[in-house]
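Hi everyone, thanks for coming. Let's have the sequence and the structure up on the screen, and I'll walk you through what I looked at.

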Amino acid sequence: MTPTESKLQEIVAAKLKVKPDQVPLDKSFIEDIGLDSFDLMSIIIEIEETFPHISLAADEAQALKTLKEVAAYIDRQIP
């Protein structure tokens with residue numbers, strides 16, 4: 001697990017009120033984890049605050065379905 005994946009698990013776990021290890025990296029946010037669009041938007045805002053060099057546009061965010069995909073996207077954006 002990468003440091004980015006670990007941090008993302010912490011962010012989503014806080015939203016779901018579960019332990020970070022209970023948040024799967026490879027499951028869909030909506031279909032599998034059960035987040036709704038409001039939850040996703042608040043998570044995106046927190047991701048942008050946690051990783052200030054990242055800005056996720058709505059269309060980019062919709063294309064990223066799992067934490068593993070989000071982590072890979074963030075890691076590609078790090079200068």
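So, H1 and H3 cross each other in a right-handed way. Please keep in mind that this is a predicted model. The angle at which H1 and H3 pack is about 140 degrees, and their axes are 10 Å apart. Angles over 145 degrees would count as roughly antiparallel, so H1 comes out as oblique to H3.

Which residues meet here? On the H1 side you can pick out Lys7, Leu8, Ile11, Val12 and Lys15. Facing them from H3 are Asp39, Ser42, Ile43, Glu46, Ile47 and Thr50. Sorted by class, the contact of H1 with H3 holds five nonpolar, two polar and four charged residues.

Now let's turn to another partner of H1. Helix H1, residues 3-16, also packs with helix H5, residues 67-77. Here the angle is about 130 degrees, with the axes 9 Å apart, and that makes H1 oblique to H5. The crossing of H1 and H5 is right-handed as well.

For this contact, H1 brings in Thr4, Glu5, Leu8, Gln9 and Val12. From H5 come Leu67, Lys68, Val70, Ala71, Ile74 and Asp75. How many of these residues are nonpolar, polar or charged? In the contact of H1 with H5, six are nonpolar, two polar and three charged.

Last stop, the largest pocket. There is about 340 Å³ of space in it. It is lined by 17 residues, and those closest to the centre are Leu40, Ile44, Ala61, Gln62 and Leu64.

Which helix gives the most to that lining? That would be H3, with six residues. Helix H2 (29-33), helix H3 (37-50) and helix H4 (58-63) each supply at least two residues of the lining. As for its make-up, the lining of the largest pocket has 12 nonpolar, three polar and two charged residues.

How values were computed. Residues are numbered from 1 along each chain as its sequence is written. This is a predicted model: local features need pLDDT of at least 70, side-chain atom pairs count only at pLDDT 80 or more; totals for chains, interfaces and linings use all residues. Side-chain values use heavy atoms; hydrogens and water are left out. Axes are lines fitted to C-alpha atoms, for helices over the stretch in contact, and angles run from 0 to 180 degrees between N-to-C directions. Helices (H or I, at least four residues) and strands (E, at least two) are DSSP runs, numbered from the N terminus. Angles under 35 degrees count as roughly parallel, over 145 as roughly antiparallel, 65 to 115 as roughly perpendicular and the rest as oblique. A crossing is left-handed if the near helix is turned anticlockwise from the far one by less than a right angle, and right-handed if clockwise. Contact means heavy atoms within 4.5 Å. Ala, Val, Leu, Ile, Met, Phe, Trp, Tyr, Cys and Pro count as nonpolar, Asp, Glu, Lys and Arg as charged, and the others, Gly among them, as polar. On a 1 Å grid over the protein atoms alone, a cavity is a set of points where a 1.4 Å probe fits but cannot get out, and a pocket is an open set with protein on both sides within 12 Å along at least five of seven lines; lining residues have an atom within 4 Å of a point. Grid points are joined across faces, edges and corners, and a volume is the space filled by probe spheres set on the points.
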